[in-house]
Each structure stands twice: as structure tokens, then as C-alpha cells.
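Colleague: Could you take a close look at one part of this model with me? I'm new to this, so please walk me through it step by step.

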Amino acid sequence: MAKGKEMMGPPSILIPCSYISTESNKTGAWRFLRPRYEEKTSPCSAACPAGEDIGRIEMLATQGLFKEAWETILWENPFPGVCGRVCYHPCERACNRGEFDEAIAIHTIERFLSDTAARNDFKPVLERLPARKEKIAIIGSGPGGLAGAYFLALLGYGCDVFESMPEPGGVLRWGIPSYRLPLSALRNDVSQIESQGVRIYTGRRITRDLLEDMYGTYDGVFVCCGHSASRSLGIPGENLKGVTNGLDFLRRVREGEIPSVEGLSVIIGGGNTAVDVARSVIRFGGKALIAYRRRRQDMPAFEDEVAMLLDEGVELRELVAPITITEESGEYVLTLGSMKVAGEDTDGRARVERDGDTTEEIRVKRVFKAIGEVAAESWFEPPEKGTDIKILNTCVMVNRPDHPAVVFGGDLTAGFKSVVNAVASGKEAAIALDIVFRKGLDSVDEGLADCMVGDGPAHSMEIHMKGERYKRSSHIVPYEEINTDYFSFTQGITQPRLLRDERLTSFEEVDLKISASVAMRESERCFNCGLCNQCDNCYIYCPDMSVVHDSSIQGRHVDYDYCKGCGICVVECPRNAMSLEEED
Amino acid sequence: MEQTMHENEYLYSGHVACSGCGAAIAMRFLLKALGEKTIIVLPACCWSIIAGPYPQSSLKVPVIHSAFEAGGAVASGVRAALDVKGDTETTVVTWAGDGGTFDIGFQALSGAVERNEDFIYVCYDNEAYMNTGIQRSSSTPYGAWTTTTPGIEWKKLRKKNIVEALVAHRIPYAATANIAFPEDLVRKAKKAKEIKGSRFLHIYSSCPTGWRIPSEMSIKIARMAVQTNIFPLYEVEDGVNYTINYKSKEYPVREYFKLQGRFKHLSDKDLEQIQEMVNEDWQRLLKKA
């Protein structure tokens with residue numbers, strides 16, 4: 001008879017009594033599959049040109065950790081106030097929840113977080129590297145230039161930004177109407193950028209000579225001055241007095257001018273500038289008509305904006321191209337030729353051509369050109385070829401022995417022009433310059449590839465700076481890898497907006513803010529694809545008590561002495577933050 | 001409830017349950033709910049092995065191994081001994097498999113609950129004699145392959161409705177629970193602990209080995225049993241008051257059957273017939289609730 005030592009008192013009757021535990025059986029030896037914690041990449045973060053860590057942002061927002069969530073945005077994008085409003089949010093199209101019920105309103109939450117940060121005057125605590133001796137000049141204070149300067153500042157570089165206009169922001173300040181982007185939202189983001197040590201010199205137009213001077217005083221130059229000249233229509237009458245550039249009109253409005261817009265204005269083009277001009281005209285009491293050579297679905301303008309434009313009473317004429325403009329007794333006659341679809345362009349939009357000789361004439365008070373912009377000066381453009389040129393994803397880098405590293409970015413080199421793409425370009429430029437200074441030119445390609453989010457093309461500062469995100473797998477979690485047993489159908493939020501009549505009479509912001517409780521409820525719908533949100537399912541369901549809580553960031557580890565490798569933890573992880581691999 | 005799941009562990013690692021064993025998970029949840037003042041009576045079943053060969057034990061609470069047919073009787077005796085000692089705190093639990101409950105142990109169980117003995121009888125149901133080599137029991141469901149219902153001789157009899165048999169004894173509390181619904185399971189175990197007299201818990205416990213399923217699917221399949229209404233979660237108080245605890249997603253039973261090797265021989269027609277059986281049982285239950 002054995003004596004009960006550990007487990008119970010001495011038995012008083014003659015039955016055998018166990019006295020040791022089973023812990024001497026190392027059942028880990030049975031294992032042929034090995035579970036481990038491995039965070040992966042969420043599809044939204046890979047779709048975001050700025051590579052924002054969206055799954056984590058939503059996780060923090062769900063917990064009410066609004067400052068931390070906002071700081072997580074700032075790791076990758078210094079413009080949450082701007083992008084929460086005017087970004088075309090490709091993240092939401094990639095959202096796995098969209099396949100389940102409805103995508104998360106990521107941009108609405110981003111805007112909420114930025115508004116909350118502004119209201120509470122949050123001061124971000126950001127990871128930054130020790131100061132370095134190199135100084136960088138940035139030409140242009142649009143989203144690309146400021147993002148580049150901001151990231152360079154975090155990487156330890158001194159940054160001077162030169163802006164020709166009296167206030168920073170570029171197209172954000174002068175090209176987007178305030179009903180989409182109120183000045184306060186822009187100023188909050190810009191002052192946050194300045195608080196990281198970025199110096200902005202306004203009213204400083206850079207000429208070619210000044211650029212040459214900079215080569216002597218700076219160790220690197222980032223040219224990011226955008227496209228500010230309107231593309232020409234190339235038709236007779238284009239230079240008449242009543243024909244103006246849409247972008248100039250928007251700038252005058254943002255300078256505070258109240259333009260006279262009585263009568264009918266025709267806007268030629270189908271991009272956001274065209275839409276913004278038309279909606280501004282309507283707000284000043286005028287009538288507006290957009291003439292676009294392709295169809296509505298081909299318009300580069302954001303879908304939502306086009307829908308609101310039509311709702312506000314702007315007329316949209318599809319498949320028409322301007323042929324001539326003539327002046328007649330204080331009015332203008334615009335001749336439009338009809339177009340027809342003739343195949344598809346490489347970008348999926350309709351290719352169009354003239355449809356016979358059919359034309360029509362419209363009598364208008366004025367015409368706005370908004371068919372796209374080009375660089376204002378030829379030397380803004382990067383050189384097209386040469387052995388000393390390195391073409392990056394969103395930038396072009398020029399390395400010549402007679403001057404320091406020069407990077408061209410933003411709209412100047414963008415395949416797709418948008419605010420967030422400009423931010424992405426600024427980030428790529430900053431990381432590329434950082435690699436040049438730290439490791440040399442030859443390491444740029446490898447270094448940029450190392451900090452990609454998923455398969456790219458977005459880059460991550462957090463990965464570049466070897467933060468927690470660096471440990472994640474680049475595998476992008478598809479919908480099939482989400483354990484939807486743990487989620488139930490819930491409706492997403494509808495963006496609250498000003499009513500149509502309220503919109504028509506003011507430049508007040510159209511999209512209204514949402515409350516904290518709505519933001520938390522919405523972010524709680526997020527699957528947090530590939531990220532551990534400490535749900536503890538792995539611990540709960542382990543038949544072998546082999547998931548052990550600890551004080552690491554992960555909060556737990558697998559005890560391989562006993563883990564039999566059943567794999568329940570991996571399957572029951574709702575968000576694929578674990579992996580199961582064959583044992584060696 | 002939330003806290004209960006995350007603290008207090010009454011099982012030792014190193015037990016020799018098969019990889020992905022649902023019965024090990026079931027025991028873990030039960031003891032988290034009942035706490036250390038618990039004595040387990042263990043008639044022959046998989047857990048006779050999992051609890052450890054002498055001199056080992058995988059449980060941090062006292063265990064009495066008993067004969068296969070004697071779960072109800074031994075528990076009655078343990079309870080009586082505790083009463084003599086004046087111990088009213090300790091909960092006596094018989095932890096039996098479906099063989100020790102539905103078949104071999106049924107007489108002792110029925111006798112004990114008829115006397116309304118003050119104990120909890122838990123049947124962790126893996127739907128066959130798994131420990132001895134997957135022989136069919138009266139808990140094995142219609143359509144299942146086992147080593148004693150092989151090939152075309154798959155089981156063509158329905159599973160015994162054990163909860164209804166216990167309810168017929170008008171015991172104070174009888175409930176179903178499932179390892180894929182830990183909060184429901186823990187709540188029911190805690191509720192049972194607070195009730196005097198005979199309480200019965202029927203816990204669905206998947207068996208990767210006997211059901212021919214991958215071990216990692218253990219919980220997924222258990223959840224599917226509830227979502228298809230094959231194993232509804234409900235409780236019955238005093239033999240008459242029925243409460244259905246979970247509204248299932250009512251997936252077709254096919255979704256449950258196609259995941260398991262023990263059902264792979266079933267034709268579409270068989271599955272249709274099984275669907276009708278499940279619908280019928282569910283409607284019958286709804287009428288009572």
C-alpha cells in the first residue's frame with residue numbers, strides 16, 4: 001500500500017491510492033504537428049497604400065483605447081484627420097467582414113479617432129530613432145512632402161519643408177473644398193507633424209537655382225511639389241476669358257473669395273476636381289453641368305461623391321467631349337461632340353472615340369477645365385532614364401556624384417494620384433533615404449522589400465523600425481481562414497450626413513461625426529484578421545493544459561513538454577493568429 | 001463565469017487522453033465550475049485510463065475508481081460517508097461514459113436517482129465504447145460505423161434519449177451541455193452544484209479516434225452538433241420545466257455528418273432520413289419547452 005503524500009491524507013483502508021501526478025509523462029513526445037503563435041497580415045492593412053495596421057487599430061478602438069489606436073495610425077500615416085475624410089479607403093474593399101455581412105467602416109473610425117485626439121489634445125508618444133547629422137530638404141508641403149518629412153523626422157533626420165503658398169497643405173489646403181475637408185482637420189494633422197520637429201517654411205518658392213544651392217547645404221532632397229498646372233484641352237477657344245482652371249477656382253474659394261457663379265457653369269472632366277468644382281458652384285447658388293467623355297462608372301472621382309453630386313442637382317453628361325468654345329454676347333457657346341465606347345483601357349475603364357459627327361451646342365456662362373493636372377515646371381519631373389536613376393514603387397531616386405541623393409515623389413511619380421498614395425510615396429522616400437544613409441545605396445531594394453506589408457506594395461514604418469509588427473508573417477489572411485463560428489451577423493454603421501438642403505447652402509462638412517459608442521461598436525465587428533486579441537480560446541479549449549499564461553506580450557505560450565499537437569487551438573482561433581506546422 | 005474559465009486548473013498535464021480528446025476538455029470545464037471540494041466516482045470508461053495508472057493521478061481532486069455498473073451506487077455510498085462525517089460542502093460527482101450511463105451503469109444510476117441521492121451524475125458522451133475499441137453502445141447514433149456495426153451493418157437504431165429517461169425519474173435537475181459551449185457548460189455545472197438531490201448532466205464530448213475525425217476538428221464538430229439541432233442545449237427542472245438554452249443556426253445535418261469518417265458510408269437518402277429524425281426530435285422538444 002502506498003502512502004498518500006501529495007494528493008490526499010493517509011488512507012485508512014486497504015485500497016491503493018495514487019500519490020503522484022501525471023506530469024512525469026511528457027506527452028509532447030506524441031506530437032507530430034506543432035502549434036505556435038504567429039500573427040499574420042490583415043487584408044485591409046495590405047490594401048492600404050500607407051500600410052496602416054488596421055486590424056490592430058480596430059482592436060484598440062474596441063477596448064476604448066482611443067489614444068493608442070490613434071498612435072497606431074500615426075506609426076504609418078501622419079494624416080488620420082485628412083485620410084479619415086478624403087481617402088478612397090481601398091481597405092474597406094479588401095475587408096474580410098465584407099464577405100460575411102458588411103465591411104467595417106474603417107475610414108469613419110479613423111476620422112473618429114483623429115477628432116477624438118484633437119478634442120482631447122492628445123500628445124502622441126511615438127517610437128523614434130536617435131537624431132542623426134544628415135539634413136533633408138523637402139520641396140512641397142502637400143500630403144507627400146509632409147509625410148516624407150514626418151517619417152524622416154521619426155527616423156532621426158532634421159527636415160526643412162519649403163512651400164510656395166502662404167500656408168502648408170498643398171492640394172489639401174487649396175484644392176479640396178471645406179465641405180469635404182474642414183480647415184481644422186488639416187491644421188490638426190499639420191501641427192502634429194510639426195510637433196515631431198519638422199520645420200515648414202511657407203512662402204518660399206523654390207527655383208531651379210535655389211535647388212542647386214540646396215545640394216550644397218542638405219544631404220538629401222525630396223521633391224514632392226505635386227501637379228498644380230491644369231492640363232490643356234487642346235481645342236479652339238480654350239483661352240477665352242470665361243474658360244478657367246477648376247483647380248484655380250477651388251483655390252480662390254479656399255482663399256476666401258466668394259465667386260460669382262450665376263447662370264450655367266460647365267465643368268469638363270470626371271475626376272474629383274471636376275466634382276468638387278461642380279458641387280462648389282451649386283453651393284454658391286449657380287447651376288452646374290459636368291461633361292465627361294467616358295461614362296459615370298469610368299469616372300476617377302469617388303463613387304460616393306458622384307452620387308451626392310447628382311443628389312445635389314448637378315447634371316452629368318456622359319460620353320461627350322468638348323470641340324470648340326466661342327464667345328457670343330457675354331456668354332459662351334460650348335460645342336460638344338458625342339463619343340462612343342470602343343473597347344476597354346488597360347485600367348478597365350472604357351476607351352472612347354468620336355461617335356460620327358454628331359454635335360450639340362450649349363450656351364453657358366463659363367467653362368471650367370478639370371481634366372487633370374501636370375507639373376508646373378519641367379524640372380519638377382524626374383529624369384526619365386540614366387544609370388544613376390532608381391525607380392521605386394512610388395518614387396524615383398536620383399544618385400549622382402555631384403549632388404546628394406534626390407528623390408522625386410508624390411503626384412510627380414504616382415501611378416494613381418490620391419492623398420494616401422502621396423503619403424505612401426513620402427514614406428517610401430523617407431525609408432529609401434534612411435537606407436541610403438545607414439547602409440548605402442546598394443541596400444535600398446532589399447531594405448524596402450523587408451518592410452513591405454504582406455506582398456506590398458505598401459511599406460510599414462513599424463516594420464522598418466523593427467517594431468512588434470516586424471514579427472508578423474506576411475501571409476495575408478483570406479476570408480476562408482476566419483473561424484466565422486465566433487461571429488454573428490450585425491449591421492454596419494451608415495455614415496450620418498447633412499441633409500441635401502443643408503448641404504446646398506453651406507460649405508459645412510457633409511459627413512457628420514459619430515459617437516464613441518458607435519465607433520466602439522463598429523470596430524468591435526472587426527475580425528482582427530491574423531491578430532491575437534487575447535480572446536484566450538487557445539487556452540480554454542486545450543485538452544492538455546498546454547497553453548500557459550505568462551507575462552510576455554503574447555500573454556501565453558505553448559508548453560511543448562505536454563502539447564500533443566491536436567491543433568484545436570489553431571482551428572478555434574477565430575482570426576488565424578496561430579499556425580500549425582509539421583514537426584521536424 | 002468569464003473568470004471561472006481563465007483560472008483554477010484541476011487537471012494535470014501528462015494525462016494520456018488521445019490527442020484532441022473531448023472528454024478531457026469536458027472534465028476540465030466541469031472541475032473549473034465545481035472547484036476543489038469535489039470527489040469524482042469513476043466507473044470504467046476512457047477516463048479510467050486518462051485519470052492515470054497507479055500511482056499517478058491526473059486530477060487534483062480525489063477520485064474513486066469503481067466497477068463499470070456501479071457509478072450510481074458508489075456515489076450514493078460516498079455521499080452517505082460524507083454525511084456521516086458531517087461534510088456538506090463536498091460535491092460528489094459520478095463521471096461516466098455513455099457505456100457506464102446508457103447501458104452497463106443504467107440500473108445503478110436509475111436506482112440512485114429514484115432515491116434522489118444527493119450527487120451529480122455526469123455522462124460524458126462519446127457515443128460508443130471508445131476505450132475498449134469503438135464498440136457500439138445504446139448511445140451510438142443512427143447511421144454510425146463502429147467496430148461492432150461495421151460496413152453495411154452500420155447502426156440502424158436510434159440513439160437512446162438518456163435525458164428523457166432521467167427526466168422521467170423527475171429528478172430536480174437534468175441538462176445537456178457541450179464542450180464547444182464552455183460558458184453554458186460551466187453555468188449548468190455551477191447550477192447543479194447548488195441544487196440538492198440527484199442532478200444529471202449529459203455532456204457531448206467528441207472523440208477524434210472513434211469518430212474518425214482530425215483531432216483539431218474536435219470542438220468544431222461538437223459545435224456543429226448543436227447548430228444542426230442534433231444535440232440541443234436544454235435543461236429540465238423537477239422533471240417538468242424545460243428551458244432551451246441556445247437558439248441554433250439550424251444548419252442541415254449533412255454539415256455535421258460530412259465532417260466525420262464514421263458516417264462516410266451514408267447516402268443522400270440516408271441523410272435525408274436522418275434529417276427527418278432530427279427535425280422530429282427537435283419538434284418534440286419544442287413542444288415540451
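Modeller: Happy to! With a relative accessibility of 43%, A:Ala449 counts as partly exposed, because that class covers whatever falls between the buried cut-off, under 20%, and the exposed one, over 50%. Keep in mind that this is a predicted model. If you want to find A:Ala449 on screen, go to helix α16 of chain A, which covers residues 444-450. Now look for A:His464: in sequence, A:Ala449 and A:His464 are 15 residues apart, and in space their C-alpha atoms are 9.8 Å apart.

Let's finish with chain B as a whole. Chain B has twelve helices and nine strands, and 61% of its 289 residues are buried. Along the principal axes, the C-alpha atoms of chain B fill a box of roughly 60 × 45 × 40 Å. The radius of gyration of chain B is 18 Å, which agrees with a compact globule, because one of 289 residues would have a value near 19 Å.

Key: Residues numbered from 1 in each chain as written. Chains lettered and ligands numbered in written order. Predicted model: local features only at pLDDT ≥ 70, side-chain atom pairs only at ≥ 80, totals over all residues. Heavy atoms only, no water. Helix = DSSP H or I, 4+ residues; strand = E, 2+ residues; numbered from the N terminus. Rg over C-alpha atoms; globule rule 2.2 N^0.38 Å. Buried < 20%, exposed > 50% of the residue type's maximum accessible area, 1.4 Å probe, protein only.
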